[in-house]
Amino acid sequence: MAAIPAEFSSAPVLPKWVVPVLLLAFAYGVVPLIGSSYLFEAILLPFLALSLAGVGLNILTGYAGQVSLGSAAFMAAGAFAAYNFNLRVEGLPLIGSIFLAGIVAAAIGIVFGLPSLRLRGFYLAVSTLAAQFFVQWALTKFSWFSNDSASGVIDAPRLSISGFALDGAVGRYFFALTIVAVLTFLAHRLVSSQTGRNLIAVRDNETAARIIGIPVLKTKLLAFAISSFIIGVAGVIWAFAYLRTVEPAGFNLDRSFQILFIIIIGGLASIRGAFFGAALIVVFPLALSRLGGFLLGDVFDSGVLDMSQRIVLGALIILFLILEPDGLVALWDRIRRRLLLAWQTT
Amino acid sequence: MALSGSALGLMEASVYAPEVFARGLPASLLSGEQAEGRAVSVEPVAGPAPLLSLQGIGLSFGGVVALADIDLSVNPGEIRAIIGPNGAGKSSLINVISGVYRPDRGHIGLHGIGYAQVPTQRLARLGVARTFQNLALFKGLSVLDNVAAGLAYKVRSNFAGQVLGIGRSREERRDSLNRADQILDFLDLAAVRDRLAGTLPYGLQKRVELARALVAEPRLLLLDEPMAGMTANEKSEMAAFVRAARDRFATTVVLIEHDVGVVMGLSDRIAVLDYGRKIADATPDEVRNDPRVIDAYLGVASDNEALSRNEGRAGI
């Protein structure tokens, strides 16, 4: 018993902002110096895009409790909207296109969030599938969206922020990192605001929330809008900074599931969780392929890799749901507390 | 889950409060004259107009009658208990008053305004707060934030202002935290202020729910079995808190309770329900001696059986 108060008193050693600031300083100052182009292209860029999508989905699913399987659709909407704004509106800076793309994704999110006013849980999840199929269909069907390109695949524009061109892997990394950092900070502010607490209240007990006067319908639609905005911008990063091409097929149902897995594994209702989950999802296949190649040699081809990846990932999700429903974040916090405790007793 | 979900969804769609007797009768009219010539048996009350008046409330689920022709009139500042055996319709009545259910017949008068269904979304603004029979706290929020959530209906700032920390959002937050802290002190919950609500023991969670309802300083407080599942100690503590809340905020209290003993000491008047009908509505002493109440509550039984049942109860 006596150990418990000691544990609690020792936990907040540093102010909350220290770790994020150090991480950002590292990401801006150190990583570009030591990173290889492989690190940026294959790991950091998809990690940043998926993390941001995870942050967005976490606002909707983790905080507001509305399950969505349409994340990739909102990414696609963002990517194509940004492409078209950039293409068709003269003189609009890239950052303006990206912002407007987020607004478009938010509007689509509100439309497909309307069923949430009536539906819950699995039923809502199925209705968000409509977004997934509809958006992908519309983008394929109407070639206007891809500027009548024959293949439906279009090249992303050059990246620049206020006239400052960001070319090459490192430039695109700075571009993605900046957007992700700003939006993550705003998302953090949001979830610790009154609106954020309303989201949690609607998730935890909708009837009680309504009775005490929380505008439940407005709160749900706002969650869809904000979440879709962030996921839409994540789609822009995915297409413009990571893949450098924009095509509907890249935003299929698999991607939606991937983002859902990210927040389940990382930790629901946690901003950090999205980053933990995305890190695992991105690094894990690479690690698995290295390990498989090392242990099994040529037998371990891409087909086997793909299959074993799905099996292990599925097993991981089941394990997390059973053993640690709060995700990697909870695991991390526990380990850190143990270490702190051990460090203090020695 | 699915069932309750869809039921709630339906309720959202139903039209709120197309007032049946829509003329919005002023309180003075409502108290005296039942102008419509309704055969309503509300005793003419001398003194203040009733804060809450139910007239001819009927509610059934499928073929099951939950409430039949219920009249109830609660005066300002009163503590009114509603008791009755399981399934007597007590919780249904609270749900009707708070607008969770729409009654098939009758209407609900709040501050002299009649509603066919009380608009749940505006309930807090109407000065009505309630607790739930099964805990309905927001488990993922701290105790403090749960209580502060009771003031959510007052929030005027929008999310953008809150994210950027501009406008009235800071002021609102400071104000609601202050008031939440005051209520936490008042209900002796300051020690658990920063704990997650879901991690508290049951009795404390019940008290946090009371705090969340009280923080808005409602004129009418509906308590759905506030002492269910508590130990004798916790019950008397809770009863003291309810009384203190009434005295401090001049709140009118309507409470449902199983424990007749606690109710007798706490309430000014007691209404007794049985099979959805009101069979008594009087002071605790009168109710205690009412043969119909005794029948309903203990069942019509020979003296021996009643005795042994009582003993069995005492043994629990």
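What distance does helix α5 (residues 94-113) of chain A reach from its first C-alpha to its last?

## A helix in chain A

In this predicted model, helix α5 of chain A has 20 residues and reaches 28 Å between its end C-alpha atoms, close to the 28 Å expected at 1.5 Å a residue. The buried residues of α5(A) include A:Leu94, A:Ile98, A:Ala101, A:Gly109 and A:Phe112. Among the elements of chain A that cover the buried residues of α5(A) are α4 (71-88), α6 (121-141), α7 (168-191) and α10 (216-243), together with β2 (160-161).

Helix α6 of chain A also holds A:Phe133. The relative accessible area of A:Phe133 is 48%, so this residue is partly exposed. A:Phe133 and A:Ala73 are separated by 60 residues in sequence, while their C-alpha atoms are 7.7 Å apart in space.

## Confidence in chain B

The average pLDDT of chain B is 80, and 79% of the residues score at least 70. Within chain B, confidence is lowest in helix α1 (residues 2-13), with a mean of 37, and highest in helix α4 (residues 143-149), at 95. The pLDDT is below 50 over residues 1-45 of chain B, a stretch that has 58 contacts in the model beyond near neighbours in sequence.

A further stretch of chain B, residues 301-316, stays under 50 in pLDDT, and the model has four contacts for it beyond four places in sequence. Where pLDDT is low, the predicted coordinates should not be read in detail.

## The interface of chains A and B

Contacts between the two chains involve 31 residues of chain A and 35 residues of chain B. About 2800 Å² of area is buried between chain A and chain B, and carbon and sulfur atoms give 61% of this area. A:Arg210, A:Ile211 and A:Ile212 supply 26% of the area that chain A buries against chain B, more than any other three residues.

How many salt bridges are counted between chain A and chain B? The count is one: B:Asp145 pairs with A:Arg197, with the closest N and O atoms 3.9 Å apart. Six residue pairs are found in polar contact across the interface, with both residues at pLDDT 80 or more. On the side of chain A that touches chain B, two or more residues come from each of α7, α8 (194-204), α9 (206-211) and α10. Helix α8 of chain A gives the most, with eight residues.

## A covered helix in chain B

Helix α7 (residues 202-214) of chain B has end C-alpha atoms 19 Å apart, which agrees with the 18 Å that its 13 residues should span at 1.5 Å a residue. Of these 13 residues, 11 are buried, including B:Gln205, B:Arg207, B:Glu209 and B:Leu214. The cover over the buried residues of α7(B) includes α9 of chain A, as well as β6 (128-130), α6 (169-186) and α8 (232-249) of chain B.

## Salt bridges within the chains

Side chains of opposite charge can pair when their charged atoms come close. Over all chains the count comes to 25 salt bridges. In chain A, A:Asp167 and A:Arg158 form a salt bridge with their closest N and O atoms 2.8 Å apart. A:Asp167 is partly exposed, with a relative accessible area of 47%, whereas A:Arg158 counts as exposed at 56%.

In chain B, B:Arg130 forms a salt bridge with B:Asp224, at 3.6 Å between the closest N and O atoms. B:Arg130 lies in strand β6 and B:Asp224 in strand β7 of chain B, so the pair ties together parts that are 94 residues apart in sequence. Both B:Arg130 and B:Asp224 are buried.

Terms used:
Residues numbered from 1 in each chain as written. Chains lettered and ligands numbered in written order. Heavy atoms only, no water. Helix = DSSP H or I, 4+ residues; strand = E, 2+ residues; numbered from the N terminus. Expected span 1.5 Å × (residues − 1). Buried < 20%, exposed > 50% of the residue type's maximum accessible area, 1.4 Å probe, protein only. Contact = heavy atoms within 4.5 Å. pLDDT = per-residue confidence, 0-100. Buried area = accessible area lost by both parts, 1.4 Å probe. Salt bridge = Lys/Arg side-chain N within 4 Å of Asp/Glu carboxyl O. Polar contact = N/O pair within 3.5 Å; in protein donor to acceptor, adjacent residues only side chain to side chain.
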